[in-house]
Structure formats: structure tokens, C-alpha cells
Amino acid sequence: MNFLMTTGRTVRQGSYVERKNTAPYRDEASCIRMNPVDMFDLLVEEGDAVRVTGAGGSVVMRVRQDPMLPRGLVFVCLGPYANALASPWTHGTGMPDFKTVPVSIEPTTEQPLPVSALMRECGGMPYED
Amino acid sequence: MRIEDVVCPFCGCLCDDLVVSVEGTKVLSVENGCTLATEKFTGDHRLAHPIRRTGGAWEKTTYDDAIRETAEILLDAERPLLYGWSGTFVEAQTLGVHMAELLGAVIDNTSTVCHGPSILAIQEVGHPGCTLGQVKNRADVIVYWGANPIEAHPRHMSRYTTFTDGFFVKSAFRDRKVIVVDIRETDSSEIADEFVKVTPGGDYAVLTALRMIVRGKGDLVPATVSGVTREQLFRVAEICLSARFGAIFFGLGLTMSRGKSKNIRNAIELTEELNRHTKFTISPMRGHWNVYGSNEVFTWITGYPYAVDFSRGIAFYNPGETTSVDLLRRKECDACLVVASDPGAHFPRACAEHLASIPTVQIDPHMNATTHLSRIQIPVAVTGIDAEGTAYRMDGVPIRTRKLFSTGYPDDVSVLGRIYSLVKEAKG
């Protein structure tokens, strides 16, 4: 199903922003909030994994219901999961379209990757403390 | 030991009323701060020592070797990018700009992915802003447009707007009207007197409709504009026009959505229209605690606030071309120095992929997403905790952050100063 993804800050994301390699950061940054009716249509429940695909790539996230969101709009806090989907094109402005990313979402049995594994996909080498 | 009037180095509010209890190099408690401040001060996830990547493995290295190797990487590069700067103090930012000039590099700060479009609009039509103290003491109408302060700037409302009384606003909660404009309901919209829900990408049209009403052309406004009814638009305009002093704060909901800088230009021009009737100001909700400082420093030295390219031997500025995301998308830069930010997490994946493919060096106290993309990371002291330096609050007021205790970490100026010296020596 197709949705429009928007992004923004959350207190929880900010709380863990200097601990990006921890599970709480991964859980917050890889959480996709959506209207409960959209969840019903997608046949997913709270905590289920979904594969989200945008112009910039594809990533696995977990669903959290948010009745404050209108149908068709999903929210992911800013971070490497949301940015795996955003296109790098800036239309000559310097600024990508972080707030309005068209995405498609489908249920999956895969799990969200930790940040280090996401960066490995980008060609990086995970550093473990 | 209990330290008063501590400055919080997290968001652009730069709250300067924290009380922090410390024992040795450990923070025991934080009073007055929000959750973000408490997590910042009590966090203990520092990178312990410099690290470097050789082949397929990471290894410990020394500050001397890491600094020397960083200078060599920058000197070997034809098109180096020096990115970040918003999470460090202005003295370090100053060194960064001078080093960029020596190297013929591009230097860019995190405005490039936050309020860069706001700066472009301000360059077109000016900035009718004011300090947060003016807002606190005078504003009886507050507008948050495309911003969610409860999540992003948790004390903005309690220090400057909704929940704090001012000299001319004796009972803020009763006397200040709050308007929130957003594409979704948020915790901030729940406490608004008027919540204006705009369809995504429709902000420009709503701003234009409000300008028409304020200009006396409201009869031309259609029944709905981007999901907002004509009746609500007139109601919002009336609240603004009846203000004694209004303050608009806007966030990335305007800068990152369709229209970008033109949204901001329209919002500034609405502010200008309102000033024909009453007093109104407009200000961006700056994110990083010293992102405003990076714009100030870049402008003092180069004349431009971000995305400055020295490859021509002079400062050249062309957002859309010399901005980091565009440079990385075009795979143009061949080395990158990241200071006090995390492009691995906050740039589109294509940019992270290019950072991983070139020698990227990071100077940052913490492990983050960029760590995994880097060849070298040099840990430094955290400004405002174990280093001090000047920062600029979101309204342009400079505030000196405090050092609470000493650790063994060098500060950003110390590390950057040594890299700068090596570069200068090589460049002659």
C-alpha cells in the first residue's frame, strides 16, 4: 500500500541521540507510526514488522498505532531508518524532501536492523565498543 | 558539588538555568532541565580513545597519529568537505572556516538539512525577528507553524511562551493565544487555542490566503484552502490582527516540505503584512544548540552562512550546488571531515554510501552512525560539560557554556588547532 511519510523529532529519539548503537534508539528510530485504520487495511498489528520502500531505498520497521495521524500519512522520527527512504535530490535547494516521502509498505517477517548493520549496507564497517 | 546557571548544550533554546550536581567527573542530577538535558548531562557513552580502520578491522590509535593522519587525508584530497559544526562552540567553528580556506575545501554546517531554506528566504526578504525575552514579556499571540516544540524544544513553551508569565503578560496561560499549524495532530497542537490542520505540502497556499485576508482581499479566498476552511482562516487572521504583539515560530515542517524557502518567504511576508496593523515577529526554531553560531561564524569570515566553497580561492556560495547533500549525491568530494554532527544518520542513504567510500574522519565525543562509515574517529570533550565555549541561542543571543569538570579529553579547538597547524605547515 502507498503512503506519504513525514518525519520529525520525538523526545525519545532526542534522549537516545548520542547512543545510536543501542536497542532503545533502534526501537524508536525504526518505529513507523500510522493510523489504526491503515493498520487494519495492511493486516498488521502493533509491533509487527513492515518493509517500507521509498525513492532512496528500502528498510524494515515496526508499526506503532497513532490515532492522531490522518489516514494515508505515516510518521517516522528523523534518523537513519527514515533517511534510508528519502531521495537525495534537492531540486537545487540543498534540502532533500525529508518531510514528504512517498513510500510503499508491506508486512514482512524480517526484523529491523541495528544502526551498525544499516551502515554496513551503506559500505561502512561496524565498530563495536 | 552543586553548580547553578548551567547552560544546556542540546537544542537551540540553550536554557541557562540548569542546576547540575556533580561528583568528580560524574553528573549525579540535573534540575530544571527537560528530558533531553538530563539525558545529555548524565549520558556516559563516550568513545574512550581515537580509533582508525585498517582494511576490515578497527584498531585503537593515539591522538598524535589520528591527528597526523587526518591532516594527511585532507591535504591529499582535491575536493574535501568539512561538514557539521553545529554541535561545537564558535571558537572551533572559526578554526574550521580558516582551515577550509587553506585547503580550498567546501565547508558546510547542519543548516544545510534544517533551516538552510529559512536563510535563503531571509536573504531575499529580511528577518523581522526579536529575542526570546521580548516574546516572553510582550507576546499575547504565539503561532507555531510546522513545529512541535513539546517534542523538539521541550522547554520553549515553559520558558518563553505558553506557560510563563511576562512583564506585560501577567497571566500567560489565560492571556496568550496559541495557534498551531501542522499537517498532523501533535502534543503541541493539543494545547493550542486554534489548531490549523493543513494538507501536506499546502502551507504556501494557506500563508497566501492569510496574507489576502490581512490585506483586505478575503472575499477572494475560496471555501477551503489546502484542507483549511475559509471560516478558520478568517478566525486565525482575526486573532493575529487583534494581537498587541504576535510571534510566529516556524520549524522544519515549512523548510523541508514543498515550497521550502518560498514557504518561509511567504511566512515572512505575512509577518510584514501583519506589521501594518500591529507588532508581529517571526523566528526559526533552531535545532542544534549552536547551529545559529555556525551561521554567525561562517558569515563573519566568509560573508555566507553555510555551504561555502573555497575551491576557487575565494568564498563561493550556491546552495543546491555547494550544499553537502548535493556534493555527496554527485560523489564529488573525495574526503570528508565531520565535526560534531552525524550525517550518517541524518543524510539520505546515497550520501552515507559516498561517505563510506571516501576517507571520512569524524571528530565527535560519541559513537554514532557516522562512526561506522569513517576511517578515523577522534573523541573530544563535550562542550558544556567538560569544555567551555561560546554558543548562539536560536534568537541570536550569544551565551557562554560552562565547563563542569575536567576529563582527559581534549576539546574541539585543541584537536582542530593541531590539524590546522599541520595543514598550514604543509601549505606554507
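How many Å separate the centres of domain 1 of chain B and domain 2 of chain B? The separation, taken over C-alpha atoms, is 34 Å. This is a predicted model, in which local features need pLDDT of at least 70, side-chain atom pairs count only at pLDDT 80 or more, and totals for chains, interfaces and linings use all residues. Residues are numbered from 1 along each chain as its sequence is written, and chains are lettered from A in the order in which they are written.

**View 1. The two domains of chain B.** Domain 1 spans 47-113 + 289-427 and domain 2 spans 116-284; the bounds come from an automatic or database domain assignment. In chain B, 10 residues of domain 1 are in contact with eight residues of domain 2 (C-beta atoms, placed from the backbone, within 7 Å).

**View 2. Helices α3 and α18 of chain B.** α3 (residues 90-103) and α18 (residues 412-427) of chain B pack at about 20°, their axes 10 Å apart. Axes are lines fitted to C-alpha atoms over the stretch in contact, and angles run from 0 to 180 degrees between N-to-C directions. Helices are DSSP runs (H or I, at least four residues), numbered from the N terminus. α3(B) and α18(B) are therefore roughly parallel (angles under 35 degrees). Residues making the contact include Leu95(B) and Met99(B) of α3(B), and Leu416(B) and Tyr420(B) of α18(B).

**View 3. Chain A against chain B.** Here 48 residues of chain A are in contact with 56 residues of chain B. The largest share of the chain A side, four residues, comes from α5(A).

Terms used
Contact = placed C-beta atoms within 7 Å. Helix = DSSP H or I, 4+ residues; strand = E, 2+ residues; numbered from the N terminus. Parallel < 35°, antiparallel > 145°, perpendicular 65-115°, else oblique.
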